[in-house]
Amino acid sequence: MGNFENRVYNFSAGPSCLPEDVLRECAEEMLNYKGTGQSVMEMSHRSKAYKPIIEHAESKIRELMAIPENYKVLFLQGGGSTQFAMVAQNLATKTGKAAYINTGVWAKKAIAEAKHLGVNVEVIASSEDKNFSYIPRVEKISGDYDYAYICFNNTIMGTHYEYIPDTGDIPLVADISSCVLSEPLDVSRFGILFAGAQKNLAPAGVTLVIIRDDLISENVRQGTPTMNMYKTHSDNGSMYNTPPCYTIYVLGKVLDWIEKQGGVSEIHKRNVEKAKLLYDFLDSSDYYHATAQKGSRSLMNVPFLTKVTDEAEAKIVNDKFVKEATEAGLVNLAGHRLVGGMRASIYNAMPIDGVKALISFMEKFAKEN
């Protein structure tokens, strides 16, 4: 079932490419999941058939990320953007103060949301001075903050933390939407980790939240809706309301795929290899250059520009690049308007052949232009 011919290399920042093996399995089970005579899309989330699906997803994420027992795994909705509010509403309850590091669009949105909710936000570091092309080095965070917040990987600017700030007793919150399961991560260093699924986990629709037990409380900021309390979802096993059942099902299959590849450490080796190929090409090129500074470069998102500096001329060249790349089966390479140029997102499911095909196209395009 399903036509898998003429598949392209999809470099979208999200929703992104999924492993082909997973898509084939989902296609095969679409009309009749394990003899139930129905699709997972049609199942009651409280049915005997569905229960093992969500339990399997939680079990696999715990195993692959080595999540300690004193952390809850939640499958929520609303994407990372809803977490901007939930983090503030659930954690800013003692001093009402929070420390944020501003590394670009998604950190700025989180800051704005916390301020909107009345949190006393202190931006303790920022890379805005160089258009967010690097990660500020903040080794230690101290103070009477209810929490500290970072965006671990920045899709738009292509930057990534190569260290974890030491926050002592201050809970560290990290948005790992675009780098989850791309590298080993010590969960115990964080109070909350969250990730929208549509980069490395599944189709859009489910948000993974990993939260330390002691941060789940009825003591939330005044006016917090029931749906925005972590306790609501923790107490109800992520089933206070109907969860995104099918997306969680796909998530479980992606986790199985990661395990079959050798786990997170093996996936990380592949990601390093893919990123090195592309960055080495960009750094040695007379026609292209990467926008993120060395020491802060993402393994997942690689923005790059051509040597054309005139704005109008650059737009013509960029548009031509994206059009011709699309015709060559390399899609969704347009850069974000805040950076310009192009961006290649090379998430876990992107094979190394896709990166090699992109480099080959880039060489050809540079010679012709």
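What follows is a chat about a predicted model, from its overall build down to single residues.

Trainee: What should I know about the model before I start?
Mentor: It is predicted: local features need pLDDT of at least 70, side-chain atom pairs count only at pLDDT 80 or more, and totals for chains, interfaces and linings use all residues. Residues are numbered from 1 along each chain as its sequence is written, and side-chain values use heavy atoms, with hydrogens and water left out.

Trainee: OK. How many helices and strands are in the protein?
Mentor: Nine helices and 14 strands. Both are DSSP runs numbered from the N terminus: helices are H or I with at least four residues, strands are E with at least two.

Trainee: What radius of gyration does the protein have?
Mentor: 21 Å, which agrees with the value near 21 Å for a compact globule of 369 residues. The radius is taken over C-alpha atoms, and the globule rule is 2.2 Å times the number of residues to the power 0.38. Along the principal axes, the C-alpha atoms fill a box of roughly 60 × 55 × 35 Å.

Trainee: What share of the residues is buried?
Mentor: 56% of the 369 residues. Buried means under 20% relative accessible area, exposed means over 50%, and partly exposed lies in between, with a 1.4 Å probe and protein chains only.

Trainee: And what about contacts between residues 24 or more positions apart?
Mentor: They account for 68% of the contacts with a separation of 6 or more. Contact means heavy atoms within 4.5 Å.

Trainee: Let's go to strands. Where does E3 sit, and is it buried or exposed?
Mentor: E3 covers residues 97–102. Six of its six residues are buried, so the strand is largely enclosed by the rest of the structure. Lys-97, Ala-99 and Ile-101 are on one side, with Ala-98, Tyr-100 and Asn-102 on the other.

Trainee: Which way does E3 run against E4?
Mentor: Parallel, with six bridges to E4, residues 120–126. Two strands pair if DSSP finds at least two bridges between them. Ala-98 has Val-121 as its bridge partner, and Ala-99 stands opposite Glu-122.

Trainee: How does the chain get from E3 to E4?
Mentor: Through helix H4, residues 105–116, in a right-handed β-α-β crossover. Right-handed means that, with the strands pointing away from the viewer, the path from the first strand over the helix to the second runs clockwise.

Trainee: What joins E3 to E5?
Mentor: Three bridges, and those strands also run parallel. E5 is residues 147–151. Ala-99 stands opposite Ala-148 there.

Trainee: Which residues other than glycine have a positive phi?
Mentor: Asn-131, near 50 degrees, is one of them, and Phe-132, near 55 degrees, is another. Asn-131 is partly exposed at 45%, whereas Phe-132 is buried at 5%.

Trainee: Where is there a cis peptide bond?
Mentor: From Gly-14 to Pro-15, with omega near -5 degrees. Pro-15 is in the loop between strand E1 (9–10) and helix H1 (20–28). Most residues other than glycine have a negative phi, and most peptide bonds are trans.

Trainee: Last one. Where is Asn-301?
Mentor: In strand E12, residues 301–306. At 0% relative accessibility, Asn-301 counts as buried.

Trainee: Which side chain does the Asn-301 side chain make a polar contact with?
Mentor: That of Ser-345, at 2.9 Å. Another polar contact, of 3.0 Å, joins the side chains of Asn-301 and Tyr-347. A polar contact is a pair of N or O atoms within 3.5 Å; within protein, one must be able to donate a hydrogen and the other to accept it, and residues adjacent in sequence count only if both atoms are side-chain atoms. Leaving aside neighbours within four places in sequence, Asn-301 is in contact with residues including Asn-153, Ser-178 and Tyr-279.
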